[in-house]
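Hi there,

Here is the structure I promised to pass on. Have a look at it first, and my notes follow below.

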Amino acid sequence: MPSRPLDVQNCYCSSGPDHIYEVSALKQLPFHEFVFRVAQYYSPSSLSKSFLSSALLRAGHKLEAVIELLEIDVTGKVILDSGTFYWRSTYIVHMDKSSIPKAFSSHHYWYSSILESVKTSLDGNGVGPKLVYTYDNAFHGFSAVVSKDELEVLRKSPGFLSAYEDGIVTPDTTHTYKFLNLNTVSGLWPASQYGKDVIIGVVDSGVWPESPSFKDDGMTEIPARWKGKCQEGEEFNSSLCNKKLIGAQYFNAGVRAANPGVNITLNSARDDDGHGTHVGSTAAGNYVDGVSFFGYAPGTARGVAPRARLAAYKVLWNEGSYESDALAGIDQAVADGVDVLSISLSYRRTDLYENPIAIAGFGAREKGILVSLSAGNRGPSTATLLEGIPWAFVVASGTVDRWFAGTLTLGNGKRITGWTMFPLRAVVRNLPLVYNSTLSACNSTALLSEAPSDSIIVCNQTDDTTDFFFLMRYLTASNVRAAIIISEDTSILRSISFPHPGVVITPKEARDVIKYARNNDTARATIDFCCKSFPVTRTCTHQHLQREHQKTDSMGHQKVSN
């Protein structure tokens, strides 16, 4: 964090210590951490209600939220216990339910009573512990906002097993079924009736219910054993559920506990990110004809289990994503009667005994539910598996035998099939081919400005010094019409961002291109793309691509088969 004197307009307050922090450096921090950083830096005598209120206001937090975290006396000073700042966090607490006293009719009342006792034992000062969730299906326990002192008292409660601070979670074409040797004549698909009546619960960022993948054409009546619901919320009403999408619920009490006073955008099960819709349609999307990625991989989209049911549990939010919310979604999915739990989330914990997803997954597995977890987003190098949970079905992504082709034709008739994901049928016909050992670095807009306009330039990226993302940016900002990119970096093949006309070829294939360009002063080339027909100009390509991507994202990602 910066600690240099700043102009008052960029400070938390107009007076105070000589060294103060820029608001921009802390604006994105959760409320708890924001106040904690301020408390750590300033002396206790500076921590008045007005001081903290000023800091919170300048960082965009609501003034009332300070009462949720800080215990403030009548003089406006923050109450300190032996010189320690009262700091409150959300903790996930595991309990032995067999220890519940007979006086309590439910686990909820028992946990509430325990927290009330904790408050009383500390003389009842301040707001005391605050219950966030209770869990009773995947595992037994609760989450609550408590101070360090309250946590120590809580540890002595009958039935207490363990507690740890709430953590952050993050979200982790086409003819895949052919690649997996699934077919309609024999094997798993027909034997399982394509997943008929299997209920898949997806714990993620929600669902975009209008996606054609979630239409209920061909679906039978909802199984009577289903106990879930279609929860109404912002821009989401219960009529959006059907025989395919049979449930949708959302959980954000953990976000609210971490950021008191926060305004939740799109407070419903509606997916405003796309990740949950992508995961749900991949697992159980219904048949959708005439789907492609801008013309690539055309065919009929379907999930791996197109006759399965889908229930969406939204636990990821723009305002933050926490384990306590994910656990609430998992716990509810178990109670609702799902057969499969699909969880594509990553987290920071590695020890199974303090890994809430692993613990909840174990409880779900005990009840006969298949728990499917993503392996994480850290591959493809070695030792990058995140979810090493032995009782879960851990799924990693891999390559398939499909090639998204762009055909390069040289003026001498030589044809080379390269790789591209450029999403337009570009008019790149019989243009000058430029190879220059200096220009071929293609590593800056200044360098590419020296290339002839309306040409096809050869970019040699075999040294991997320029990231593909930046290479595309340099090319898009230049006057060259298209590029032939020489590279052996296989990570490029995972990119779906290809905003400038171009094709990737190997160094071996490039030998013929370079030889032809060097030996012919009038060397020319053509690149054919597979997709929609749009003329390519230097000004419209990127803007049009953005618009087309927005249309695709609003419907969710589609799994394509042909």
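**What I found**

Strand E17 (residues 370–374) runs parallel to strand E18 (residues 393–395), and 3 bridges join the two. Strands (E, at least two residues) and helices (H or I, at least four) are DSSP runs, numbered from the N terminus, and two strands count as paired if DSSP finds at least two bridges between them. Within that pairing, Leu-373 has Val-394 of E18 as its bridge partner.

Before going further: this is a predicted model, where local features need pLDDT of at least 70 and side-chain atom pairs count only at pLDDT 80 or more, while totals for chains, interfaces and linings use all residues. Residues are numbered from 1 along each chain as its sequence is written, and side-chain values use heavy atoms, with hydrogens and water left out.

E17 also pairs with strand E15 (residues 340–343), in the parallel sense over 4 bridges. Because 4 of its 5 residues are buried, E17 is largely enclosed by the rest of the structure. Buried means under 20% relative accessible area, exposed over 50%, and partly exposed in between (1.4 Å probe, protein chains only).

Helix H11 (residues 323–336) is mostly covered too, with 12 of its 14 residues buried. Among them are Leu-327, Ile-330 and Val-334.

Best wishes

Technical notes:
The expected span of a helix is 1.5 Å times one less than its number of residues.
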